[in-house]
Amino acid sequence: MKFFTPTRIYFEPQALEYPLGKQIYEYYTKENIPLIITPSHNRVTGIPGKTPQAGYREAKRTLVVGVKKNLTLDTCRPSADYQFSLGTSCPGGCQYCYLATTLGRKPYIRVYVNIDEILEAVEKYINKNSPKITSFEAASTSDPLAVEHITGSLQKTIAFFGRQQNGRLRVVSKFSAVDGLLMVKHNSHTKFRFSINTDFIIKSYEANTATFQERLNAAGKMARAGYPLGFIIAPLFIYEGWRKDYRELLRLLAEELGPAARRGLTFELISHRFTARAKKIIMERFPRTTLEMDETKRKLKWGKYGYGKYMYPPEQLEKLKSYMIREITTVFPEAEIEYFT
Ligand code: SF4
């Protein structure tokens with residue numbers, strides 16, 4: 001896939017005090033991309049787009065280079081002990097993006113240039129918990145692989161975790177530019193997961209991300225580079241032909257990975273759900289969407305934060321679950337299915 005090139009880049013002044021900030025500034029000056037100094041990412045003005053669709057589209061072409069100030073890490077159960085971020089948002093246009101309700105109307109892409117400070121903070125958490133292993137999720141507010149060609153931060157982070165006896169990293173991506181990660185000394189301390197779906201779903205709802213085939217090839221490369229590997233199949237949809245399509249997805253995965261790479265493989269399975277708020281945002285941004293969000297066909301489940309999620313009804317959920325588990329265990333008998341939700 002083509003590497004993401006921003007249409008415009010905002011810089012927080014402090015970002016230019018860091019080598020990575022300067023490097024990005026100098027590179028894009030030569031590329032003739034408009035560079036704008038902004039007092040803070042909260043005060044970014046001038047991203048065009050009067051309608052929600054246009055605002056969203058333009059925001060996804062806008063990069064904000066800044067500094068991560070709050071270095072206190074949040075917990076991230078059950079996936080990891082803590083999460084930290086190398087940025088927020090991504091250039092992808094997934095209609096059901098899990099960040100849709102948290103990033104506001106203009107989900108511009110942020111990257112943080114104080115990577116050394118971020119990793120120092122991570123190290124403190126590792127040391128505090130030592131000799132126990134502490135795990136960290138690095139992709140809960142962004143897709144770091146999508147902007148790796150701009151920052152190189154993921155490479156640095158993976159190498160950092162490679163040196164940590166008691167730290168482990170988890171990353172997930174819908175992108176495929178992994179070549180720069182293949183030679184990194186990861187020491188098997190980074191678990192790389194690809195978020196995948198059927199070819200039909202990716203083509204229909206995940207604009208500007210890697211294709212199914214590209215993700216497959218990237219997974220094969222990462223497996224051959226010795227990374228512990230996993231797949232998040234999400235969101236799982238029931239649509240005409242879903243059984244055949246998910247079976248085909250697994251068959252192609254098995255073909256790409258070969259027997260050696262299948263050991264230690266994990267799967268995380270997440271069925272499609274939506275909230276009223278997410279539906280409203282999706283309908284504003286993608287008014288002609290074919291995404292199935294009919295409340296009358298779903299079961300409302302109240303979450304602990306006081307808002308409801310429209311899930312598939314229990315009998316359909318069970319159908320989805322048993323089919324996926326049966327198919328995965330047939331094709332990948334050694335794999336672990338971490339959860340279905
Ligand atoms: S790739 Fe991930 S972060 Fe980017 S739009 Fe899609 S779901 Fe959101």
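Which residues are linked in a network of salt bridges? Glu137, Arg170, Arg193, Glu268 and Glu338 form this network. The model is predicted, so local features need pLDDT of at least 70 and side-chain atom pairs count only at pLDDT 80 or more, whereas totals for chains, interfaces and linings use all residues. Residues are numbered from 1 along each chain as its sequence is written, and side-chain values use heavy atoms, with hydrogens and water left out.

**View 1. The salt bridge between Arg170 and Glu268**. A salt bridge is a side-chain nitrogen of Lys or Arg within 4 Å of a carboxyl oxygen of Asp or Glu. In the pair Arg170 and Glu268, the closest N and O atoms are 3.7 Å apart. Arg170 belongs to strand β10 (residues 167-173) and Glu268 to strand β14 (residues 266-271), so the bridge ties together parts that are 98 residues apart in sequence. Helices (H or I, at least four residues) and strands (E, at least two) are DSSP runs, numbered from the N terminus. Arg170 counts as buried at 12% relative accessibility, and Glu268 counts as buried at 1%. Buried means under 20% relative accessible area, exposed over 50%, and partly exposed in between (1.4 Å probe, protein chains only).

**View 2. The salt bridge between Arg105 and Glu284**. The side chains of Arg105 and Glu284 meet at 3.1 Å, N to O. Because Arg105 lies in the loop between β7 (93-94) and β8 (109-112) and Glu284 in helix α9 (residues 276-285), the pair ties together parts that are 179 residues apart in sequence. Arg105 is exposed, with 55% relative accessibility, while Glu284 is partly exposed at 23%. The structure holds 22 salt bridges.

**View 3. The salt bridge between Arg215 and Glu206**. The closest N and O atoms of Arg215 and Glu206 are 2.7 Å apart. Arg215 is buried at 0% relative accessibility, and Glu206 is buried with a relative accessible area of 3%.

**View 4. Helix α5 (residues 153-162)**. Of the 10 residues of helix α5, 7 are buried, so the helix is largely enclosed by the rest of the structure. The buried residues of α5 are Ser153, Leu154, Thr157, Ile158, Phe160, Phe161 and Gly162.

**View 5. The residues around the ligand**.

How values were computed
Near = heavy atom within 4 Å.
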